[in-house]
Amino acid sequence: MDLTSLLGYILVGLLFGWVSSTLVEWVWYRGRRRRLDLSAVSSAARVSQPLPEGPPAQTYGAPPGPAADATAKAGRRRGRKDAQPGQDLSNRPDNLTAVYGIGGLYERRLYQVGIFTWDQLSRADAESLQQITRALPGSDTRAWTEQARELAQANNRIGAVYDGPLPEDLTRIAGVDQVFEDALYAAGIFTYRQLAERTPDELARIIPAHLAGEELDFVSWIVQADSLRDEYYTDEPPIL
C-alpha cells in the first residue's frame, strides 16, 4: 500500500468519525430536549389533573405540636364560612395525593388532624403541614397549598369539608383503583368496615359495568375489606 492510499484511508476514517460523533450528539440533544419538554408537561398536568402518582413512602420525623391541630381546625371553620351555593360540597374527603409531593402516608396523617379536602389543605400554613406530615426538610409544603387551591377551584370544591369517619385507603384492596375508590367515597363508603358490610349487589350498583369495563369480583373486595378493618391507623402514633 503506497503512502497516498494510506493517507486516503486515514482521511476517510477521520471524516467517518466526525460524522458519527456529530450524529450521536444531535440524537442525544434531541432526546434531552424531549425529556425536558415532557417534564414541563408533566409538571403542569400534576396541577390540573386530580389523580397523579404520589411519591415514595417517606420516613418518620418529629410529631407535630398543638399549633398544627389548631391550624387544621381553623381551616375547617373557614371552609364552612366560605361555602358558596351551587358548588360540589358533598360530605366526602378529597384525594390529597393528587397534590404532587403528598403520598399515602402524608395523606393519612393529614386526615388524622382533620384536613380532608383540598380547600382545607390550601388554608393550612406551610410550617404546620411540615409538622403534621413529618415531611422531609426539603419538602415544598408551600407548593402543596398552592396546588390544593388550584385543585379545589378546578373541581368546584371551594369550601368543601368532611365530618365522617377517618377515610382509609381502599386502593389497598386488590381490584380497587383510584377511580373505584372515588366512586365508593361518593357512595359514602370511606372505610374497610363500611365496605365489608356491603353486599355484592350493592357494590354492583355503585360501580356499574359501564364504569368498570369488566366483571369485578366484589365478593373478593368484601373479604379483603373484612380482613383489613380497623388496622389502617394502628401503626401510626397519635398526632396531638
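This is a predicted model: local features need pLDDT of at least 70, side-chain atom pairs count only at pLDDT 80 or more; totals for chains, interfaces and linings use all residues.
Q: How much of the protein chain counts as buried?
A: Of its 240 residues, 37% do. The cut-off behind that word is a relative accessible area under 20%.

Q: What share of the contacts with a separation of 6 or more is between residues 24 or more positions apart?
A: That share is 68% for the protein chain.

Q: What makes L121 a buried residue?
A: Buried means under 20% relative accessible area. L121 comes in at 0%, so it is buried. It sits in helix 4.

Q: Which residues does L121 touch, once those up to four places away in sequence are set aside?
A: They are L96, V99, I102, L110, I115, L129, W144, T145 and A148.

Q: Which members of the largest nonpolar core touch the most other members?
A: L121 is on that list, together with L184, L203, I207 and W221, in a core of 43 residues. Elements giving two or more residues to this core include helix 3 (104-112), helix 4 (118-122), helix 5 (126-133), helix 6 (141-154) and helix 11 (218-228). Helix 11 provides the largest share, five residues.

Q: Why is D119 called buried?
A: The limit is under 20% relative accessible area. D119 has 2% relative accessibility, so it counts as buried. Like L121, D119 has its place in helix 4. D119 and R149 are 30 residues apart along the chain, and their C-alpha atoms are separated by 6.1 Å.

Q: What describes the way two helices pack?
A: Two packed helices are described by the angle between their axes and by the distance between those axes. For helix 5 and helix 6, the angle is about 105° and the axes are 8 Å apart.

Q: Why are helix 5 and helix 6 called roughly perpendicular?
A: The roughly perpendicular range runs from 65 to 115 degrees. An angle of about 105° falls in that range, so helix 5 and helix 6 are roughly perpendicular to each other.

Q: Which residues make the contact of helix 5 with helix 6?
A: Helix 5 brings A126, L129, Q130 and T133, while helix 6 brings T141, R142, W144 and T145. Sorted by type, the residues of this contact are three nonpolar, four polar and one charged.

Q: What makes helix 3 roughly perpendicular to helix 5?
A: Their axes cross at roughly 105° and come within 9 Å. Since 65 to 115 degrees is the range for that label, helix 3 is therefore roughly perpendicular to helix 5.

Q: Which residues make the contact of helix 3 with helix 5?
A: On the helix 3 side there are Y106, R109 and L110, and on the helix 5 side L129, I132 and T133. They split into four nonpolar, one polar and one charged.

Q: Is R134 buried or exposed?
A: The cut-off for buried is under 20%. With a relative accessible area of 5%, R134 is therefore buried.

Q: Why is N156 called partly exposed?
A: Buried ends at 20% and exposed means over 50%, with partly exposed in between. N156, at 35% relative accessibility, therefore counts as partly exposed. N156 is in the loop between helix 6 and helix 7. N156 has a positive phi too, about 60°, although it is not a glycine.

Q: How do you know that F190 is buried?
A: Its relative accessible area is 7%, and buried means under 20%. F190 is in the loop between helix 7 and helix 8. Leaving out residues up to four places away in sequence, F190 touches, among others, N91, R92, P93, Y162 and Y185. F190 and R92 are 98 residues apart in sequence and 8.4 Å apart in space, C-alpha to C-alpha.

How values were computed
Residues are numbered from 1 along each chain as its sequence is written. Side-chain values use heavy atoms; hydrogens and water are left out. A nonpolar core is a set of buried Ala, Val, Leu, Ile, Met, Phe, Trp, Tyr and Cys residues joined through side-chain atoms within 4.5 Å. Buried means under 20% relative accessible area, exposed over 50%, partly exposed in between (1.4 Å probe, protein chains only). Helices (H or I, at least four residues) and strands (E, at least two) are DSSP runs, numbered from the N terminus. Axes are lines fitted to C-alpha atoms, for helices over the stretch in contact, and angles run from 0 to 180 degrees between N-to-C directions. Angles under 35 degrees count as roughly parallel, over 145 as roughly antiparallel, 65 to 115 as roughly perpendicular and the rest as oblique. Contact means heavy atoms within 4.5 Å. Ala, Val, Leu, Ile, Met, Phe, Trp, Tyr, Cys and Pro count as nonpolar, Asp, Glu, Lys and Arg as charged, and the others, Gly among them, as polar.
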